[in-house]
Amino acid sequence: MIDLRSDTVTQPDEAMRTVMASAPVGDDVMGEDPSVNRLEAAAAALTGKEGALFLPTGTMANLVAFLSQTRPGDTVILCSDAHPYRFEAGNLARFGGLLTKTLAGSLGKLGSADVAANIIQTDDPHISPTTMVSIENTTNLGSGAFYTVDEVTAMGQLCHERGLRLHCDGARFFNAVVAQQVEAAQLAAPCDTVSFCLSKGLGAPAGSILAGDRATIHAARRLRKQLGGGMRQAGILAAAGLYALEHHVATLAEDHRRAGEFRKYLEGLGISFLYPSPTNILFMASERAQEDVASLRESGILALPVGSAAIRVVFHRDISDGDASAAAEGFARVLRR
Ligand SMILES: *Cc1c(COP(=O)(O)O)cnc(C)c1O
């Protein structure tokens with residue numbers, strides 16, 4: 001099967017499994033796992049932040065980012081397509097007691113003028129104060145669009161002038177870094193906190209990072225424990241994450257190249273795509289998404305129907321050039337019928 005449903009399906013490769021098997025470990029809840037400590041130090045250095053925390057999932061990393069930087073009753077601004085709003089099971093309401101002010105945005109991205117117009121700060125005791133903004137880089141439902149350093153800088157300036165915290169849900173942060181060839185720390189600098197997934201395009205089996213200032217990461221560590229995310233000999237997983245940061249970041253560019261070639265080939269045959277796709281995610285127009293996905297499955301290709309009129313395809317490190325061209329031919333057969 002050529003699995004294009006998501007970059008979460010990536011498997012740890014042999015070299016990664018080898019470092020996992022020999023990773024030194026300890027009790028991370030006691031702060032004694034050398035592999036977790038190395039990963040957290042490396043992640044902090046890479047993002048230019050004072051500290052970093054290893055968590056089981058991106059969902060928990062985002063939740064802890066919100067919980068550590070807001071109080072129940074506050075309002076947070078996010079895009080109506082943002083993952084924490086759409087796909088994290090209402091955890092901001094359930095565990096954060098937060099109100100969400102969602103803005104339509106464009107390709108999953110918020111504009112700073114739009115955000116500025118929606119910040120509410122008043123002494124009026126009737127009103128919930130806006131205390132945090134969350135952006136997604138790259139965007140999931142926005143077809144892998146990314147914020148540039150200038151755009152994040154403008155958002156950071158606005159937030160900090162108004163006394164708000166800025167979080168970046170960077171589940172695919174390194175796709176954004178690689179696509180615009182900047183340093184991770186540059187793209188992270190305007191944000192108070194940045195999360196990223198090790199378990200998507202980077203190819204680790206599990207785990208995410210939250211990076212930020214010392215006080216926030218200290219608070220986040222307690223919150224992780226409260227949520228049940230304190231793992232013991234987690235170094236087995238952290239070793240995979242560290243390996244991924246060292247070896248699998250640059251190759252994200254290959255995924256972007258294959259996505260671009262796949263699109264160009266199909267566009268040449270008259271098949272249309274819904275949005276630009278500057279990184280590894282594509283949304284293809286399909287009148288019969290469910291049926292087309294079922295036919296693709298019969299040809300050994302897995303993709304994700306999105307509603308009834310689109311199919312999502314995600315390129316990742318387990319899709320070779322050969323897989324990519326076989327998939328392009330399979331899509332051509334099914335979609336041109
Ligand atoms: C996948 C994803 C997450 C959540 O990560 P999990 O590890 O699946 O919990 C958060 N934000 C975005 C944009 C994602 O794509």
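Predicted model: local features only at pLDDT ≥ 70, side-chain atom pairs only at ≥ 80, totals over all residues.

Visitor: Is Ser 128 buried or exposed?
Guide: The relative accessibility of Ser 128 is 17%. Buried means under 20%. Ser 128 therefore counts as buried.

Visitor: Which side chain forms a polar contact with the side chain of Ser 128?
Guide: Leaving out residues up to four places away in sequence, Ser 128 touches Gly 73, Asp 74, Thr 75, Leu 99 and Ile 120. From Gly 73, the backbone oxygen lies 2.7 Å from a polar atom of the Ser 128 side chain. The polar contact between side chains, at 2.6 Å, is with Thr 75.

Visitor: Which element gives the most residues to the lining of the largest cavity?
Guide: The structure holds one cavity of 30 Å³ or more, and the largest cavity has about 50 Å³ of space. Helix H8 (173–179) and strand E7 (193–197) each supply at least two residues of its lining. With three residues, the element that gives the most is H8.

Visitor: How many residues of the lining of the largest cavity are charged?
Guide: The lining includes Asp 7, Arg 172 and Lys 200. Asp, Lys and Arg count as charged. The lining divides into seven nonpolar and two polar residues, and the number of charged ones is three.

Visitor: Which residue has a polar side-chain atom 2.7 Å from an oxygen atom of the ligand?
Guide: Of the 13 residues around the ligand, those that come nearest are Gly 58, Thr 59, Asp 169, Arg 172 and Lys 200. Gly 58 has a polar backbone atom 2.8 Å from a ligand oxygen, and Arg 172 has a polar side-chain atom 3.0 Å from a ligand oxygen. The side chain with a polar atom at 2.7 Å is that of Lys 200.

Visitor: How many residues of the lining of the largest pocket are nonpolar?
Guide: About 160 Å³ of space lies in the largest pocket. Its lining includes Phe 87, Leu 141, Phe 283, Leu 304 and Val 306, and Phe, Leu and Val count as nonpolar. Beside four polar and three charged residues, the number of nonpolar ones is five.

Conventions:
Residues numbered from 1 in each chain as written. Heavy atoms only, no water. Buried < 20%, exposed > 50% of the residue type's maximum accessible area, 1.4 Å probe, protein only. Polar contact = N/O pair within 3.5 Å; in protein donor to acceptor, adjacent residues only side chain to side chain. Contact = heavy atoms within 4.5 Å. 1 Å grid on protein atoms, 1.4 Å probe; cavity = no way out; pocket = protein on both sides within 12 Å on 5 of 7 lines; lining within 4 Å. Points joined across faces, edges and corners; volume = space filled by probe spheres on them. Helix = DSSP H or I, 4+ residues; strand = E, 2+ residues; numbered from the N terminus. Near = heavy atom within 4 Å.
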